[in-house]
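Let us take a walk through this model together, moving from one residue to the next. Please keep the structure open beside you as you read.

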Amino acid sequence: TRSTRPQRLLKAVQKKAIKGDPQSVISTIDYFCRHSEWAMNVGDEKGAILDSVVCEVSPSTALELGTYCGYSAVRIARLLPPGTKLITLEFNPDYAAVARQIIEYSGLQDKICLVEGASGDLIPKMQELFGIKTLDFVFLDHWKDRYLPDIKLLEECQLLRKGSILLADNVICPGTPDYLEYVRNSPRYESKYFKSHLEYTKVEDGLEKSVFLG
Ligand SMILES: Cc1ncnc2c1ncn2[C@@H]1O[C@H](/C=C/CNC(=O)c2cc(-c3ccc(F)cc3)cc(O)c2O)[C@@H](O)[C@H]1O
Ligand SMILES: [Mg+2]
């Protein structure tokens, strides 16, 4: 049977990227998605905004919802201080298998903990599974109708503390209207929109950065 797009993306990485070099893996994926096949990675333009927020927060504990092929996991983990880890959740086993190989190829397997499962099931178990108390940084890039229920779950599970940073992809395209309305109107968040473009296109999209006020 025909290969999947994530499998073709992985092949391009294994063929063209330098093993152990995260920047080369990132550039190879961006080139493939711009010139061969579009894929729903956060991409280079929004990726630069993601990078700047990760560097600013310099999180000790970081969570990503929706690994897909591992592009943003590599982007985030390459910037994390030594001894810190990114936990990334992915419930599609085929995507998780590709992501593991891309993460391994980049040499960041010791900084990334990829857990297979649904965010709604795993978030309540995070403290016991990973021995963490709260999260410094959360990157949301999974099904768009899961953003709002999942941050409410993070609040309920006491995984957010005063100053925790949420960064959400695709708040314009495909759009996450209920999430945006919540973080922009809730007194418990201070929110800011970073205007950008949908990965590899000229269509408007952006990232929403929200600080939990406790
Ligand atoms: C509850 C739960 N638990 C665990 N994993 C979960 C999960 N829910 C989803 N996942 C996982 O995360 C990824 C899903 C990502 C969804 N992203 C998008 O749909 C997306 C779409 C576009 C897009 C824009 C314009 C178009 F015309 C077409 C597509 C751009 C994007 O950047 C996107 O992120 C995928 O790997 C999925 O298995
Ligand atoms: Mg996205």
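Asp205 is buried, with a relative accessible area of 0%. Here buried means under 20% relative accessible area, exposed means over 50%, and partly exposed lies in between, using a 1.4 Å probe and protein chains only. Asp205 belongs to strand β7, which covers residues 204-212. Strands (E, at least two residues) and helices (H or I, at least four) are DSSP runs, numbered from the N terminus. The Asp205 side chain makes a polar contact of 2.7 Å with the side chain of Lys46. A polar contact is a pair of N or O atoms within 3.5 Å; within protein, one must be able to donate a hydrogen and the other to accept it, and residues adjacent in sequence count only if both atoms are side-chain atoms. Apart from its neighbours within four places in sequence, Asp205 is in contact with a list of residues including Lys46, Asp169, Asn170, Cys173 and His197. Contact means heavy atoms within 4.5 Å.

Before going on, a word about conventions. This is a predicted model, in which local features need pLDDT of at least 70 and side-chain atom pairs count only at pLDDT 80 or more, while totals for chains, interfaces and linings use all residues. Residues are numbered from 1 along each chain as its sequence is written, chains are lettered from A and ligands numbered from 1 in the order in which they are written, and side-chain values use heavy atoms, with hydrogens and water left out.

Asn170 sits in the loop between β5 (160-168) and α9. Its phi is positive, about 65 degrees, although Asn170 is not a glycine. Asn170 is also buried, at a relative accessible area of 4%. Further along, a cis peptide bond with omega of about 5 degrees joins Cys173 and Pro174, and Pro174 is found in helix α9.

Which residues are the closest to ligand 1? They are Glu90, Asp141, Lys144, Asn170 and Glu199, out of 23 residues that surround the ligand; a residue counts as near if one of its heavy atoms lies within 4 Å of the molecule. A polar side-chain atom of Glu90 lies 2.5 Å from an oxygen atom of ligand 1. For Asp141, the distance from a polar side-chain atom to a ligand oxygen atom is 2.9 Å, and for Asp169 it is 3.2 Å. The protein covers 83% of the 760 Å² of accessible area that ligand 1 has on its own, with areas from the Shrake-Rupley method and a 1.4 Å probe. The elements giving two or more residues to the shell around ligand 1 are β2 (85-90) and α9 (171-175).

Now let us turn to helix α8. Seven of the ten residues of α8 are buried, so this helix is largely enclosed by the rest of the structure. The buried residues are Tyr147, Leu148, Asp150, Ile151, Leu153, Leu154 and Glu155. An α-helix has 3.6 residues a turn, so residues three or four places apart point the same way. Glu155 lies in α8, residues 147-156, and counts as buried at 15% relative accessibility. Not counting residues up to four places away in sequence, Glu155 touches Leu160, Tyr182, Arg188, Tyr189 and Phe212. After α8 comes Gln158, whose phi is positive, near 55 degrees.

Ser24 lies in helix α2, residues 22-35, and counts as buried at 12% relative accessibility. The Ser24 side chain reaches the backbone nitrogen of Ile18 at 2.6 Å. Leaving out residues up to four places away in sequence, Ser24 touches Ala17 and Ile18. The C-alpha atoms of Ser24 and Arg8 are separated by 17 Å, with the two residues 16 apart along the chain.

Is Asp21 buried, partly exposed or exposed? Asp21 is partly exposed, with a relative accessible area of 26%, and is found in the loop between α1 (5-16) and α2. Beyond its neighbours within four places in sequence, Asp21 is in contact with Tyr105 and Ser106. Finally, Tyr68 lies in the loop between β1 (61-65) and α4 (71-77). Tyr68 has a positive phi of about 55 degrees although it is not a glycine, and counts as buried at 12% relative accessibility.
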